[in-house]
Amino acid sequence: MSAAPRDLLRESFIELTARERARAVLDAGSFRELLGPFDRLESPWLPLQGIVCQADDGAVIARGTIGGEPAVVTAIESAFQGGSIGEVSGSKIAAALELALADCERGKIVRPVVLFETGGVRLQEANLGLAVISEIQAAIVALRAHVPVVGVIAGMVGCFGGMSLAAGLCSYLVMTKQGRLGMNGPEVIEQEAGIEELDASDRRHVWQLIGGEQRTATGFADALVEDAVDDVHAAVRAAFACGVPEAHRTEQVEAYLAKLAQIDPASVAPGTMRAAFGSTLLTSRGETA
Amino acid sequence: MNDTTLSRGARWLHALADDGARDAGGGPVRYADAPLGGETARFIAVVPDAGNRFVRARENVVGLEQGWRLAQAVRAAIAEDASSPTRRPIVAIVDVKSQAYGYREEMLGIHLACAAAVDAYASARLAGHPVIALIVGPAMSGAFLAHGYQANRIVALDAAGTMVHAMGKEAAARVTRRSVESLDALGETIVPMSYTMASFGKLGLLDQLIEGVDADAPSAEQTSRVRDVLAQMVREARMDRRDLSHRLQSDAATRTRAASIEVRKRLAQQWDAD
């Protein structure tokens, strides 16, 4: 789906706000926001530290339909505190997934989508950010037994920290070339391990390591799409059409241990690791090692 | 093994499960099955591994192999009990100072290795295994997410060196451009910013703080008391739901996590269109 010639008139997905992204993923005309800005559920912790709140705390929850089926989209707004997860923004996402789970358990399938754009825990809410991320993860694991959980990492912030684990738990991941997926951001690695470990200012190198193209080529994501609303919209539907995978990536423990065993840490590079970590495109998921 | 070189995680694994004698070879993830409250529980610890081929993952951190091997240890228990009416308790002995920070770790998908551990613990809980986290050292950030934070119940030793946080103190001070001292002061007024176990308890996330135990050299009486607490937590977990809703039900959570509770209440009201 990335082979189509780029039409200059196509609308960019990356340039959209979280709210516009949620609307773009849902079927046309079906968007209904829950706990929107007028509900004014804000962070109780930021004002205590002299930081101005945002009325939606940087998370947009929207109901609607995807391919005509009931759906819920949770979208993180990178323009507010770098998309960081606070008590309220994280609880909105966890609660939306928990409600989708409750519906699924009653036989009412709800298609869940998470639009990741986050550096991870909001440091000003530290332990509560970490706690709500564990709750988001718990909800994804329970929910994906009933229905695929589809994640999108479009960019430009990417998906890092504890939320990268949440992305790893998703049934299917859609990425753009501009998207990045990693547990520790490049700056964190440079700071913790030194510039000889990783030069965070070398953008080309960073994208070769954790960018969308490499992540799909090595099976950590399932679909690489252009930065276009139409392509993201279509990829999300293609993912749901695949149904619940036989074995989620995180369940393929022996296969991944076997892949790791093939790796020589002294010489491994983004190009050479592709031999051991093949892609798992949407149509050919399953144990491959 | 030279007792003075043991990490806290290793020490507590030996203290609680020495009879199990099923330490899974060497490597950074050790586990053993041992008696707990009249049944057999699986105890799992992440320990330093000086010879690990991934050089950024040689201390008590969660790296690539640690994540996948945790998943393997937990999933083995799930598989062994799949046809049994009783699912054995799983105790995560938590002494993990961080995830592994490295170039190779990111390239080879440390996020997925840690997610696999999260998945395994969550799946065990959903399958009816009482999952208990026993914090005996640092429980930091992504490492705690991978090893302990999916537990039905969380208990901790009240001892120097036990802490839960999203970021190491020095790194947090750098990122927020504060001194370590001012970070400590901030933690006294902003509860989720604090590094102390007492503050973690105020968030409703800690089920019991176990006092009067020497974390580095527990006596037989102290070890036995910790075992009793774990057995009590197992009994509670078996009578409770298999999700994490318990975390929002304590008096502490009602006070400190009012926003988490309010979000869930109001989202449920708006969930279905009129």
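**Before you start**

The model is predicted: local features need pLDDT of at least 70, side-chain atom pairs count only at pLDDT 80 or more, and totals for chains, interfaces and linings use all residues. Residues are numbered from 1 along each chain as its sequence is written, while chains are lettered from A and ligands numbered from 1 in the order in which they are written.

**Stop 1: the sheet of chain A**

Select the strands of chain A. They include an open sheet of 7 strands, ordered β1-β2-β3-β4-β5-β6-β7, with mixed pairing. Strands here are DSSP runs (E, at least two residues) and helices are runs of H or I (at least four residues), numbered from the N terminus. Two strands pair if DSSP finds at least two bridges between them. Strands of a sheet pair through backbone hydrogen bonds, either parallel or antiparallel.

Go to the edges. β1 (32-34) and β7 (223-225) of chain A each pair on one side only. From one strand to the next, the twist averages 25 degrees.

Now select residues 69-76 and 111-116 of chain A. These are β3(A) and β4(A), paired in the parallel sense over 5 bridges. Pick Ala75(A): its bridge partner in β4(A) is Leu115(A).

Axes are lines fitted to C-alpha atoms, for helices over the stretch in contact, and angles run from 0 to 180 degrees between N-to-C directions.

**Stop 2: two backbone details in chain A**

Select Leu35(A), in the loop between β1 and β2 of chain A. Its phi is near 50 degrees, a positive value in a residue other than glycine.

Then select Gly155(A) and Met156(A). The peptide bond from Gly155(A) to Met156(A) is cis, with omega near 10 degrees. Met156(A) lies in the loop between β5 (150-153) and α4 of chain A. Most residues other than glycine have a negative phi, and most peptide bonds are trans.

**Stop 3: α3 and α4 of chain A**

Select α3(A), residues 126-143, together with α4(A). Their axes come within 9 Å and cross at roughly 0 degrees. α3(A) and α4(A) are therefore roughly parallel; angles under 35 degrees count as roughly parallel, over 145 as roughly antiparallel, 65 to 115 as roughly perpendicular and the rest as oblique.

Show side chains. From α3(A), the contact includes Leu130(A), Ile133(A) and Ile136(A). From α4(A), Met163(A), Leu165(A) and Ala166(A) are among the residues involved. Residues are in contact if their C-beta atoms, placed from the backbone, lie within 7 Å. By class, this contact has 9 nonpolar, 2 polar and no charged residues. Ala, Val, Leu, Ile, Met, Phe, Trp, Tyr, Cys and Pro count as nonpolar, Asp, Glu, Lys and Arg as charged, and the others, Gly among them, as polar.

**Stop 4: across to chain B**

Chain B contributes 61 residues and chain A 65. On the chain B side, α4(B) gives the most, with 11 residues. That side divides into 36 nonpolar, 14 polar and 11 charged residues.

**Stop 5: chain B as a whole**

Colour by domain. The domain assignment gives domain 1 (3-242) and domain 2 (244-274) of chain B. The C-alpha centres of these domains lie 26 Å apart. Their contact takes 9 residues from each of domain 1 and domain 2 of chain B.

**Last stop: a hairpin in chain B**

Select residues 29-36 and 39-46 of chain B. β1(B) and β2(B) pair in the antiparallel sense over 8 bridges. Arg30(B) has Ala45(B) as its bridge partner in β2(B). The hairpin has 2 residues between the strands, and Gly37(B) takes a positive phi near 55 degrees.

Conventions
Domain bounds come from an automatic or database domain assignment. Two residues are in contact if their C-beta atoms, placed from the backbone, lie within 7 Å.
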